[in-house]
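Colleague: I'd like to learn how to read helix packing in a model. Can you walk me through it?

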Amino acid sequence: MKVLLPVLMLWTGAAVAASQDEAFLDAREAFQRGDAPRLEARLAELAGHPLEPYARYWQLRMHIDSVSADEIQAFLAQNEGSLIGDRLRADWLRQLARQQAWDGFVHEYARLSATDDAELACDAIQARIALGETEALSAARMF
């Protein structure tokens, strides 16, 4: 019995991991198809999975135009310095630029790790101009 219990625990753990892997793949497909209810159902199954943040990113990304800034900030805080965190920050910056929420844009842009995005660089110059920085025009000319 002492040997059987650890084997049973390993088998059960492997079955849960396989189930979560399937849930992750299904969540990815749901995101790609724009199926929010299916994505949200699968997200509930991914608690503790190493790729859970990706599924959460997909959920936030799918609703980026209506999700609260607090939810975005919570995700960014939990995933600070990660690729997925930076990806959401870039998506959030694009949303802030569409809304012309320049104060928030400037704050978040300063925290973006990958600044090689030409669209965001142009938005950053536009934000500076909108906020009254006259020297931003010369930066735009160099671009």
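This is a predicted model: local features need pLDDT of at least 70, side-chain atom pairs count only at pLDDT 80 or more; totals for chains, interfaces and linings use all residues.

Colleague: At what angle do helix 6 and helix 7 pack?

Modeller: Two packed helices are described by the angle between their axes and the distance between the axes. The axes are lines fitted to C-alpha atoms over the stretch in contact, and angles run from 0 to 180 degrees between N-to-C directions. Helix 6 (residues 102–109) packs on helix 7 at about 130 degrees, with the axes 9 Å apart. That makes helix 6 oblique to helix 7; under 35 degrees is roughly parallel, over 145 roughly antiparallel, 65 to 115 roughly perpendicular, and the rest oblique.

Colleague: Which residues of helix 6 meet helix 7?

Modeller: Contact means heavy atoms within 4.5 Å. W102, F105, V106 and Y109 do it from helix 6, and their partners in helix 7 include L120, A124 and A127. Ala, Val, Leu, Ile, Met, Phe, Trp, Tyr, Cys and Pro count as nonpolar, Asp, Glu, Lys and Arg as charged, and the others, Gly among them, as polar.

Colleague: And how does helix 5 cross helix 7?

Modeller: Helix 5 passes helix 7 in a left-handed crossing. A90, L93, R94 and A97 in helix 5 meet E119, L120 and D123 in helix 7. Those residues divide into four nonpolar, no polar and three charged.

Colleague: Which residues are buried in helix 2?

Modeller: An α-helix has 3.6 residues a turn, so residues three or four places apart point the same way. Buried means under 20% relative accessible area, exposed over 50%, and partly exposed in between (1.4 Å probe, protein chains only). In helix 2 (residues 36–44), A36, L39 and L43 are buried. They cover an arc of only 60 degrees, taken from the directions from the helix axis to the C-beta atoms, which puts them on the same side of helix 2. On the other side, P37 and A44 are exposed.

Methods. Residues are numbered from 1 along each chain as its sequence is written. Side-chain values use heavy atoms; hydrogens and water are left out. A crossing is left-handed if the near helix is turned anticlockwise from the far one by less than a right angle, and right-handed if clockwise. Helices (H or I, at least four residues) and strands (E, at least two) are DSSP runs, numbered from the N terminus.
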